[in-house]
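Subject: Structure handover

Hello,

Here is the structure I promised you. Please open it and keep it in view while you read.

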Amino acid sequence: NVIDASRYPFEQITEMVHANRKIGLGVMGFADLLYLLGVPYDSTEGLALAEKIMETIQVEARSASKALAAERGPFPAYPDSIYGKRNLGPYRNATTTTIAPTGTLSIIAGCSSGVEPLFALSFARHVMDGEKLVEANPHFVAALKAAGAYSDALMEEVTRKGSIAHIGLLPESLRDVFVTAMDIEPIWHLKMQAAFQKYTDNAVSKTVNLPGSATQEDIRGIYWLAYELGCKGGTVYRDGGKANQGLCPGDGAQAAPANP
């Protein structure tokens with residue numbers, strides 16, 4: 001209905017959108033889900049869960065699109081599409097799934113963004129008049145309290161560091177599960193993107209976070225592997241790569257930019 005109701009800037013765009021009727025259902029809050037289940041992001045169990053979730057969404061989305069096609073007709077370009085040539089469907093929509101960034105939406109919903117890990121478990125948000133608001137992931141706080149490890153002093157340290165990877169006094173089980181973007185090795189970022197891409201029609205929004213010491217060869221390897229794993233796109237970010245970056249680990253002290 002949105003496709004039919006929308007106005008596009010050029011007639012060519014209108015014709016293309018109406019011919020294919022592409023939509024993109026996706027997810028957000030995946031990192032929170034892993035926290036709740038006690039599953040590390042950088043684990044085979046985490047990858048398997050990602051595939052299971054996205055496969056379910058894709059199967060159900062295509063089933064609904066098929067039902068809509070029976071009621072309202074398939075997308076006009078269906079006969080020449082891969083579905084038409086393989087006698088699949090027919091479907092109302094050429095695509096049904098996408099993993100979007102959901103940056104603003106996830107803030108409104110109070111959950112993690114898209115399929116990204118959290119950038120920090122606790123951080124200070126700078127708002128109007130220089131006021132600083134400290135925000136902590138509620139699942140992390142609940143896990144600390146359940147383990148009898150919560151304290152104001154600990155939370156201050158977590159806010160400074162953003163991560164608990166190197167806070168040795170905490171149980172290893174907590175440090176394994178409550179990982180952040182910079183704790184995760186680049187290969188696991190990429191594997192997670194590929195796991196979602198396996199059952200996503202369109203592209204997967206996912207950043208491979210790199211330390212400031214990352215080299216051109218490191219980045220080349222990531223893009224090549226992304227291609228081999230079947231990803232439709234890729235994004236890398238090297239910590240400190242910009243003079244003023246939107247998110248900084250811990251207390252906001254950026255890593256010194258490495259030589260380009």
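Below is what turned up, starting with how to read it.

This is a predicted model, in which local features need pLDDT of at least 70 and side-chain atom pairs count only at pLDDT 80 or more, while totals for chains, interfaces and linings use all residues. Residues are numbered from 1 along each chain as its sequence is written, and side-chain values use heavy atoms, with hydrogens and water left out.

**Salt bridges**

The structure has 5 salt bridges. The term means a side-chain nitrogen of Lys or Arg within 4 Å of a carboxyl oxygen of Asp or Glu. Here are some of them.

K198 pairs with E51, with 3.4 Å between the closest N and O atoms. K198 sits in the loop between helix 10 and strand 3 (207-210), and E51 in helix 4 (residues 44-72), so this bridge ties together parts 147 residues apart in sequence. Helices (H or I, at least four residues) and strands (E, at least two) are DSSP runs, numbered from the N terminus. K198 is exposed at 52% relative accessible area; E51 is partly exposed at 25%. Buried means under 20% relative accessible area, exposed means over 50%, and partly exposed is in between (1.4 Å probe, protein chains only).

E116 and K206 also form a salt bridge, at 2.9 Å from N to O. E116 is in the loop between helix 6 (103-109) and strand 1 (122-126), K206 in the loop between helix 10 and strand 3, so the pair joins parts 90 residues apart in sequence. Both residues, E116 and K206, are buried.

K161 bridges to E157, again with a closest N to O distance of 2.9 Å. They are 4 residues apart in helix 8 (residues 152-161), about one helical turn. K161 is partly exposed at 40%, and E157 is partly exposed at 22%.

**Q197**

Q197 lies in helix 10 (residues 186-197). Is Q197 buried or exposed? Q197 counts as buried, because its relative accessibility is 6%. Its side chain comes to 3.2 Å from the backbone nitrogen of K232. Beyond its neighbours within four places in sequence, Q197 is in contact (heavy atoms within 4.5 Å) with N202, A203, V204, G230, C231 and K232.

**Cysteines**

How many disulfides does a search of the whole structure find? The search finds 0. A disulfide here is a pair of cysteine sulfur atoms within 2.5 Å. C231 is buried at 12% relative accessibility, whereas C111 is partly exposed at 23%.

Best wishes

Methods:
A polar contact is a pair of N or O atoms within 3.5 Å; within protein, one must be able to donate a hydrogen and the other to accept it, and residues adjacent in sequence count only if both atoms are side-chain atoms.
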